[in-house]
Amino acid sequence: MELLPTSIAAMRICCKQEKVVTNRTTQTRTHLTGALRRSAAVFGSQIDLARGGDPKAIHRARVATRRLREALAVTGAALGGEAAALRREFKGITAALGPVRELDVSRKLLLDLADDSSWPADAVTRVEQHGLKERAATLDRLHDALDSDDAKSLVRRVRSVARDVKEMDASSLAAVIASRYARRLREFTRALQEAGTVYAGDRLHRVRIAAKKLRYLIEFSDTGNAEALRRLKRLQKILGKLHDAQMVQHHIDETAAGESVVGLYRSLRAMSRDLEAECRAWHGKALPLMLAPGALRRPVRMGAPARRKRSA
């Protein structure tokens with residue numbers, strides 16, 4: 001029986017659509033494999049320097065563990081077993097790297113603010129010394145949490161998982177990513193709702209973390225939501241600045257609590273008020289993005305995203 005021209009055209013359209021879907025899901029599998037390998041390579045190259053206290057290495061290793069955790073969450077949901085175990089181990093390493101990284105950021109911001117303001121040098125020195133003492137203690141805990149042989153073993157295990165991903169069913173992986181996207185979007189939306197419009201540091205921090213997790217997922221799975229990625233990066237950057245200022249304010253307040261010299265105490269309290277105003281200003285910049293996250297609600301599309309500059 002001869003096919004009508006319209007039937008032939010319909011078949012061609014169906015075949016083309018099927019090919020597009022197949023290409024996207026195959027690209028997703030390939031890109032997830034690459035994401036695992038790249039982040040493992042960064043972690044492996046930086047972790048020894050991080051153990052030595054190098055600030056840049058600590059930052060790079062920490063970002064790598066965060067990216068690995070999101071990629072392994074998807075992989076674990078699809079494959080189970082080793083990926084889920086690895087994700088738990090990297091979570092512990094992220095937790096060990098975090099306090100050192102935050103103290104490094106706080107010290108740099110403190111000194112930058114001191115240069116731009118009229119803060120008394122002796123008060124700034126008090127806060128800096130407080131932070132350096134705390135950093136030494138957190139670095140000791142980091143040494144306890146990290147072992148160079150264990151780090152090498154982790155990298156080898158991630159590479160093994162990446163090989164398994166390369167062989168898995170692409171459509172199953174696409175379904176897992178779509179489900180996780182929906183979950184991360186719900187978490188982000190809930191964090192936004194809980195934060196509301198009132199300045200509250202802890203709630204804003206939860207928005208920042210939820211935005212970061214959603215962003216990492218989009219980066220290796222979504223080609224159709226460039227606007228969402230742009231908004232998330234912008235929001236994350238603003239909330240990151242706010243969080244950094246909060247950390248400096250926290251260290252100033254801790255220093256003030258133990259200060260017996262009246263003049264220094266008053267200087268520290270004035271510095272804290274300056275930081276409070278800084279935090280509220282960053283909150284004002286974040287609100288428009290928090291109140292209009294509409295681009296994030298578009299359906300996820302599977303596939304490898306265009307190359308983008310990596311950032312924390």
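What follows is a short chat about the fold and its charged pairs.

Tutor: This is a predicted model, where local features need pLDDT of at least 70, side-chain atom pairs count only at pLDDT 80 or more, and totals for chains, interfaces and linings use all residues. Residues are numbered from 1 along each chain as its sequence is written, and side-chain values use heavy atoms, with hydrogens and water left out.

Student: How many helices and strands does the protein have?
Tutor: Helices (H or I, at least four residues) and strands (E, at least two) are DSSP runs, numbered from the N terminus. Here you get 9 helices and 0 strands.

Student: And how many salt bridges are found in the whole structure?
Tutor: Side chains of opposite charge can pair when their charged atoms come close. The cut-off is a side-chain nitrogen of Lys or Arg within 4 Å of a carboxyl oxygen of Asp or Glu. The search finds 12.

Student: Which residue forms a salt bridge with glutamate 70?
Tutor: Arginine 180, with the closest N and O atoms 2.9 Å apart. Glutamate 70 lies in helix H2 and arginine 180 in helix H6 (residues 170–195), so the pair ties together parts 110 residues apart in sequence.

Student: Are glutamate 70 and arginine 180 buried or exposed?
Tutor: Buried means under 20% relative accessible area, exposed over 50%, partly exposed in between (1.4 Å probe, protein chains only). Glutamate 70 is buried at 3%, and arginine 180 is buried at 9%.

Student: What about glutamate 187 and arginine 183?
Tutor: Their side chains meet in a salt bridge at 3.1 Å, N to O. They sit 4 residues apart in helix H6, so about one helical turn separates them. Shared partners join Glu70, Arg180, Arg183, Arg184 and Glu187 into one salt-bridge network.
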